[in-house]
Amino acid sequence: MATQTMDETKVGEFVGQALGELGATLNAALVVIGDRLGLYKAMAGAGPISPAELAERTATNERSVREWLNAQAAGGYVTYDPAGGRYELPAEHAFVLADEDSPAFLPGAFELMAACVRDEPQITESFRRGTGVGWHEHSHGVFEGCERFFRPGYKANLVQSWIPALDGVEARLRAGGRVADVGCGHGASTLIMAEAFPASTFHGFDYHDASIAQAADRAAAAGVADRASFAVASAQDFPGTGYDLVTTFDCLHDMGDPVSAARHVLQALGPDGTWLIVEPFAGDRVEDNLNPVGRIYYAASTLLCTPASLSQDVGLALGAQAGEARLRDVVTAGGFTRFRRAAETPFNLVLEARP
């Protein structure tokens, strides 16, 4: 066996990188704690604050809060003034950590990823058996975190730019159209559309019954239950025909048999209907995706998306970094003849398919 000579400088550099990863792994849980306890929200706009003051504002334990603040300061999430022993959440960081209406709000992503890590034992077993792990088999934090992760992007882009980028769809929805939102989860995308287009009717479908129950509750709370309904159904059997628009948001790559889903979407659309496909942004080659966004999506896909697909019939396992070319292959195999990129963001590919 050949002897490999190691560069000690490179060893040291990689150890430093790995240590940073350890801190980041632990910090994911700390962000979830800060979000759930309202620590970030209490710090937003408050200026320099002491651990005791923050604990009092949030009805939490001062000693625990102080340790959390020190960890946040070490990670650069908050600033620390040693002279006064006070901590501050910069406005730019509050925009990301405390403002749920911000398009850059990220605690939902941390909630999702922390829940994925909790589910590691069954993912490890899936590696051995190749049987996958169904979406419904994950921790509740996956469902809640997934919605909170994607909702800011949908809220910032769906009505403002994605639907207007589709040929004739916005006008049809304003006049009164029928929409099927397939794989709707907790209904964030469905409700955003229902609030923006009161003349249209929206039908959300998901195979996960608990998510559908949550979506129905949220529609009632938002006052749009008269035009936004939810039912348990898969992408291969959701009911109805003559839809003006069918949408799939960040879920086509999770499906075991996306080609059969595409065929069913085609059958469900009206003669001039449109399929809006929103998927994680990705290039067509692995080397195109070796960047921070691709890293997040490849990791999430290892823990969530690929196991979900493998747990279903066919198990095509596109993965969250499938890329536009593979998505085009799926859509055209399902019988669609027109396919184009309608828009994009740093996190999303927005695709339009028509019969």
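**Close-ups of two helix pairs**

H8 and H10 run roughly parallel to each other, because their axes cross at roughly 30 degrees and angles under 35 degrees count as roughly parallel. This pair, like the other one below, comes from a predicted model.

**View A. How H8 and H10 cross.** Here we're looking at helix H8, residues 140-162, next to helix H10, residues 188-196. Their axes come within 9 Å. As for handedness, the crossing of H8 and H10 is right-handed.

**View B. Who touches whom between H8 and H10.** On the H8 side you'll find Glu147, Arg151, Tyr154, Lys155, Leu158 and Val159. Facing them in H10 are Ala188, Ser189, Ile192, Met193 and Ala196. Sort the residues of this H8–H10 contact by class and you get seven nonpolar, one polar and three charged.

**View C. How H1 and H6 cross.** Now for helix H1, which covers residues 8-36, and helix H6, which covers residues 107-118. The two axes come within 9 Å and cross at roughly 125 degrees. That angle makes H1 oblique to H6. The crossing of H1 and H6 is left-handed.

**View D. Who touches whom between H1 and H6.** H1 brings Ala28, Val31, Val32, Asp35 and Arg36 to the contact. H6 meets them with Pro107, Phe110, Glu111 and Ala114. What's the class make-up of the contact of H1 with H6? Six residues are nonpolar, none is polar and three are charged.

Technical notes
Residues numbered from 1 in each chain as written. Predicted model: local features only at pLDDT ≥ 70, side-chain atom pairs only at ≥ 80, totals over all residues. Heavy atoms only, no water. Axes fitted to C-alpha atoms, helices over the stretch in contact; angles between N-to-C directions. Helix = DSSP H or I, 4+ residues; strand = E, 2+ residues; numbered from the N terminus. Parallel < 35°, antiparallel > 145°, perpendicular 65-115°, else oblique. Left-handed = near helix turned anticlockwise from the far one by under 90°. Contact = heavy atoms within 4.5 Å. Nonpolar A, V, L, I, M, F, W, Y, C, P; charged D, E, K, R; others polar.
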